[in-house]
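Subject: Handover of a structure, with notes

Dear colleague,

I am passing on the structure below, and I would be glad if you could look through it alongside the notes that follow.

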Amino acid sequence: MEKDGNTILDEVTKSEYKYGFYTDIEMDMAPKGLNEDIIRFISAKKNEPDWMLEFRLKAYRYWLTIKEPNWAHLHHPAINYNEIIFYAAPKKKKQLAGLDEVDPELLDTFKKLGISLEEQKRLSGVAVDAVIDSVSVKTTFTDTLSKLGIIFCSFSEAVQNHPDLVKQYIGSVVPYTDNYFAALNSAVFTDGSFCYIPKGVRCPVELSTYFRINAANTGQFERTLIVGDEGSYVSYMEGCTAPQRDENQLHAAIVEIVAMKDAEIKYSTVQNWYPGNAKGEGGIYNFVTKRGMCRGAASKISWTQVETGSAITWKYPSCILMGDHSVGEFYSVAVTNNYQQADTGSKMIHLGKNTKSTIISKGISAGHSSNSYRGLVRMTRRAENSRNFSQCDSLLLGDKCGAHTFPYIQTENKSSIVEHEATTSKISDDQLFYCQQRGISAESAIGLIVNGYAKEVLKQLPMEFAVEAQKLLSISLEGSVG
Amino acid sequence: MEILTKDFSLAAQMVKLFDDNHDLIFKSDTPEITDRRKIALEVFKRLGFPDNKDEKWRNTDLKKSLQAEYNYYFEPTFQKGIDLARIFQCNIPHLETDMISQLNGWFISENGGIKKHADGVIVGSLAVAQKEFPDLFDQHFGRYADNEKSGFVALNNAFACDGVFIYVPDNVQVKMPIQIVNIIHHDQNIFVQNHNLVILGKNSQLQLVQCDDSVDHQRSLINTVTEVFIGENASLDHYKLQNKNDVATLINSLFFHQERDSRLSTNCITLNGGIIRNENYVRMNGENCEANILGVYLVDKFQHVDNQVFVDHAFPNCQSSELFKGIVDDSARAVFNGHILVRPDAQKTNAYQNNKNILLTDKATVNSQPFLEIYADDVKCSHGATVGQLDETAMFYLRSRGISIENSRMLLMYAFAAEIINHIKIEPLKIRIDDMVKKRLRGELSVCEQCVLHCSTMEKPINFEIDLSKI
């Protein structure tokens, strides 16, 4: 399909946040606030076994004893946890057997988001698990996957159908005692995705989860668990959007990844939660704990993220490199505009010998936003001959925004090499002049330069995502020039 | 003399000590200074001594140092029968300096404690300066050392009784470097708090060498605050040499306040010490300031060195550059925490930050945190940090030319440190420090019976036994 230049320009300049619509679906909601009864209510709604309820209650009791962290370079009013609805689900009357039975309103929602479940299933060969207000509504491609022994389903289904696997791995990478938001999530998580790749299986399709917050005043607390058994491979994608609202909504998710011997897991995120309007009102508070553990030798976990949304992003996808020769990677582009704040980065904890990690982080800040990279590289005593390379660049567009870098480097053995480098600069006038001289408008020139700057990370994304991410980049920065 | 026992926390004892000794602490204060001390103590009560929960102190554990018993003095105290002349024989060959001696934090002098030179330069004791030059003292004392930075700074601001006072009037270039030698020598454990004040007028120039040494092996806790005011277009060349014993704890807070067009170069050389923490705060309070902050640390055994650098770019067109290099051996720990803040209107700022470390053993630890906090867009800022080992190919090159392992290692380590030493602009001092670094790397330099700069009398120049014709 060919579009002429004008329509594209129109589309780009007019789109503010194109996912800001709200779908009127009949919802099943818990009352506002959080207490043990709410947790029992959630657990009962989901028909969970006792051990799961126990896990939630333990996490909740621990959560009560700790305080919200304040070390991040973020400023926001205190979150009132009693004003949040911790459970909201599209009303389901019965188990769904096929797409035909899904609420048409819901299907429409996903069409608007550009993920027609039906079409994607047939054309792109991507298996999608769509999560709306933290309840998984539809997983596609289950049949193809199950032939290979791959389990890809919603978390609640996994609790019902594969309790042993869930019990074995839940909390093994991110224990509920890990941090404030992890404890909260462990207590109230409502759904999410579960994925298990058996020994020696190479997952033929990209697995994808689409998260959406729909209802007002709700928080989304999903939990993703990916286990790659020996010698397996999977590429997993995650996308998120939310309606445009004036109040702030909380999103506190957990992603746990376990890679056994020789397994490789690639996790890509395009995060586009509603960032708030140009005045900084509304938007999602995104407090996410993502961590992967390279448990076996020569395993590999790779994180790629494009962060353009959320009023506040607090997120540090990490790798614990436990197995010898294991590899951890982190590629990130974080864009903040208007009054967005991001404090994001990665942790690479080297425990095994000859482990390698790479961190490439590109921050772009515009408007009144604040964009921080915060990362830790730790070489423990045992991690002989390990290697890390980190590069964090920041690009400033405008003189009202901030770009910060807070790397932590800890080395405890003599044979490891750690390198960190970072630069902060603005788009040089020379580059702009060069483009403009050749008839490229200032806005497009900036888009071009920014895309070039982020290329190193974007090329790590799966194809479908890369296109979306590039578009997102230019939309997010729109109006930030001049 | 007051004995601080470990039955109560040191912080509580210090507060009590302050309340009990108002007459001694406030004796030559103007009411305004007394008020500033009281405010500082209130801040200390709130902050207390830092512990590991404090983000800035996560990697430096002072528990042991703060739990020991110390003596605290409100007047000069020296061990009986001590030969002052023998201790302070410090000199640098071929370099004439104007030397100031401090023993246990107290100024020592035969001529009334303060000297006013013909060109108006004042050098002497802070206590005397407070009485004789109250205007200068009130104008600057406690103005730059921000109580909120840490409990130590607040405590020092509350208690400060003596230290060194230097005043260079406008348009005066001091020819002869001034050397401050601060020696701790006592038969008991002591807690020392001295406060130095250095004021440079407009267009003036000064070279300052500051040495911290221990003479014996007693435990000591030293909390030094140095405030430096660098006036418009003034230039300061500052060197800090630290050679303390293995049980000494030294908290050294330096506050540089730069006015427009001023230049600062500070170079910190840490050779030995129990726990050494250097906090450098540089505030650029005008346009076109330049600051070079350099440091080299050579630590081994169970030593701990912590360098904190905070550069505040408050105005446009300023430049700062940081370079810290360290060699960490045995079970030693090195911490570097650099923080560059570029405020919203500080456009055209150039700021660089670099920390390089060599780890020689598997028990040594390096923690490096080079932070950038930037609120202006037209800036060039970068930082880098590396931790690694001696370069194997370079080792091979030297070994293949018949140089012993020991010598090759020495040579490479020395070359690594030399990058900093080469920045020393006072030639005789450079040669001397060069010499000391070589000795230190060979393990020949210990905490000496004498001041560092004196003990290693250079009878014959030290050379690596390398046949250069082979290279």
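What percentage of the 471 residues of chain B count as buried? The share is 64%, where buried means under 20% relative accessible area, exposed over 50% and partly exposed in between, with a 1.4 Å probe and protein chains only.

Before going further, please note that this is a predicted model, in which local features need pLDDT of at least 70 and side-chain atom pairs count only at pLDDT 80 or more, while totals for chains, interfaces and linings use all residues. Residues are numbered from 1 along each chain as its sequence is written, chains are lettered from A and ligands numbered from 1 in the order in which they are written, and side-chain values use heavy atoms, with hydrogens and water left out.

Chain B has twelve helices and 22 strands, these being DSSP runs numbered from the N terminus (helices H or I of at least four residues, strands E of at least two). Of the contacts in chain B between residues at least 6 apart in sequence, 83% join residues at least 24 apart, a contact being heavy atoms within 4.5 Å.

In chain A, strand S18 (residues 341-344) is joined by four bridges to strand S15 (residues 312-315), running parallel, and by four bridges to strand S21 (residues 370-379), again parallel; two strands pair if DSSP finds at least two bridges between them. Thr344(A) is the bridge partner of Lys315(A), and Ala342(A) stands opposite Asn371(A) in S21(A). Ala342(A) and Thr344(A) point one way from S18(A), Gln341(A) and Asp343(A) point the other way, and all are buried.

Turning to the interface, 31 residues of chain A are in contact with 36 residues of chain B. About 2700 Å² is buried between the two chains, with carbon and sulfur atoms giving 47% of that area; buried area is the accessible area (1.4 Å probe) that two parts lose on being put together, summed over both. Tyr408(A), Ile409(A) and Lys414(A) supply 21% of the area that chain A buries against chain B, more than any other three residues. The elements giving two or more residues to this side of chain A are strands S23 (402-411) and S24 (417-426).

Six bridges join S23(A) to strand S21 (residues 365-374) of chain B, and these strands run antiparallel; within this pairing, His404(A) has Glu373(B) as its bridge partner.
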